[in-house]
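Visitor: Please take me through one part of this model at close range. I am new to it and would like to look at the surroundings of the ligand.

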Amino acid sequence: MKKRILVVDDEEGLRLLYKEELEEAGWEVTLAASGEESLRRIEEGKIDLVLLDIKMPGMDGVEVLRHVKERWKDLPVVLCTAYPHYKHEFGTWASDAYVIKSSDLTELKQTLKDILGKKR
Amino acid sequence: MNLSAIIEELGELANDGAPLTNRLQRACALLLETAPFDQCAIYLWDSVNRAFVLNASVGTGSAAIETYGEDEGLPGRVKASGKGLAASKKDLSGTAIDGLIDAGMRGFSYALTLALRDSSALYGVIYLKAVKKTRRNAARDSALTTAAALIVSIIRGEEINARHRRKSAELAELQARLINSEKVMALADMASNIVHEIKNPLLSIGGLANRLKKHVPQDAPGRLYLDQITHETVRLEKLIGGIIRCLHESALELQSDDMNDIVSESIELFREDAMRRGVNIVKKFTDNRLPVRADREQMKIAFDNLIANALQSMENSGTLTVSTCLDNDSIVVKVADSGGGIDPRYENYIFNPFFTTKKFGTGLGLPIANAIVMRHKGVIEVDNNIGVGVTFTVKLCSEGIECGLRA
Ligand SMILES: Nc1ncnc2c1ncn2[C@@H]1O[C@H](COP(=O)(O)OP(=O)(O)OP(=O)(O)O)[C@@H](O)[C@H]1O
Ligand SMILES: [Mg+2]
């Protein structure tokens, strides 16, 4: 069965981009436009990995990460942001991987493949 | 005017707020009233240039000489002799005075010089000249000596004032800088927000344009526009990445490392690029371990930028020489190219953010490299060999040693 990735980003264009690229790469994609929405989607089940933007209005990525790691300990989370300096801050160490946003999604897709390949 | 009145007026000059030259000018005029003298000049000692420089002169006759070297003329003699007051007469021949030639005595036949000094220093010389030969007068001599002391106090007061003014100017500047740094911080904050607001939409523009490319064949109309769009977004992305790196100094993740390894890793990234350019990479590494405390990822970024620049300066063929060595307690890494060097007109600007001579450069490569090396308490030096190439030298302290590259 295809693995399902939850993409959480407040930027509409990026959600569209991720959805198309990741589906093309062979995954199923669910979208969430905010931190709050992302938790509801995870509750609905069937998510294998969360791709999470850090900087969002309302509940930000770090907060979502905390909730996820509390309630769904084994659900992998990949953090995604414009800022390389977040890497060592704000408890982002709890995430499974960290990717700096780029219009070239090669690195991101490789990271996702590595993590999803390892599981199960 | 009698002598005591003159002394009193000189005393008042010490508290006058006028510029020093004006006050010395006035002092000269007062001294001329004492006596048979026709010209008064005051020279100040310039310890940097080691010369007496004319500051004020009043009177008739040929103009006073502008400067006297340390051992020239009567002022020079005052310094050498250490005497307070000295009288000199023209020789019988009428050209030399006391056996030395002083062009300032043309047309005069008698001179009195007074040292302007106190216990700590020589400040200058008062040079009084008379056309007619005159006799010494003890009362006048002692009044002139007092006058000289008063003029010394005028000059010293001025020095203290100048120092005081300098201090207040420094303070004002410091304050301005502080205000400025607050402004800079507010600006950096704003810039960081703007950059974030720009980055996300830019990524979707670039990413979606990339996707569109898959649907638009190479020879389709409009493909050219699409290529241009993706090209420009990549450039903007690079620029924004650089700005983010400049704005956010993430904490250094220092660990013990070997500089040879770090530099090696940087070089490996560029093998392919070098090959494409027909550039030969020469590694001259020391066999010694180069122990350093560094943030490996950041330090690599610094060398990536230096190596990228070196390669970009060599279009087809050339040699990139990267060498490492230990020099006493400092680690020295040199990145040298044979790309012809930096145009001397631009040499002073290459470390300025956004300075670039490249069509697709961001101008942030060197400022970032510099900031990273600086934060590791190291230095970057540039040796620009015009027509040959450039050598960038990075110096860092060995682990655990304060080698004093930076204060
Ligand atoms: N090795 C070199 N040889 C000749 N010129 C150089 C060299 N290194 C730097 N420069 C000059 O210094 C300028 C600034 O360099 P810097 O790395 O800061 O920006 P850039 O290389 O122009 O842009 P980017 O690093 O984003 O590609 C360059 O545009 C170039 O003119
Ligand atoms: Mg550069």
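Guide: **Around ligand 1**

In chain B, α8 (296–312), α9 (365–375) and β13 (389–397) each supply at least two residues of the shell around ligand 1. Helices (H or I, at least four residues) and strands (E, at least two) are DSSP runs, numbered from the N terminus. This is a predicted model: local features need pLDDT of at least 70, side-chain atom pairs count only at pLDDT 80 or more, and totals for chains, interfaces and linings use all residues. Residues are numbered from 1 along each chain as its sequence is written, chains are lettered from A and ligands numbered from 1 in the order in which they are written, and side-chain values use heavy atoms, with hydrogens and water left out.

The shell holds 22 residues. A residue is near the ligand if one of its heavy atoms lies within 4 Å of it. Asp337(B), Thr356(B), Thr357(B), Lys358(B) and Thr362(B) are the closest. By class, nine are nonpolar, 10 polar and three charged. Here Ala, Val, Leu, Ile, Met, Phe, Trp, Tyr, Cys and Pro count as nonpolar, Asp, Glu, Lys and Arg as charged, and the others, Gly among them, as polar.

Now the polar contacts (pairs of N or O atoms within 3.5 Å). Thr357(B) has a polar side-chain atom 2.5 Å from an oxygen atom of ligand 1. Thr362(B) also places a polar side-chain atom 2.5 Å from a ligand 1 oxygen atom. Gly363(B) uses its backbone: a polar atom there is 3.2 Å from an oxygen atom of ligand 1. On its own, ligand 1 has 600 Å² of accessible area, and the protein covers 93% of that. Such areas come from the Shrake-Rupley method with a 1.4 Å probe.

Technical notes
Polar contact = N/O pair within 3.5 Å; in protein donor to acceptor, adjacent residues only side chain to side chain.
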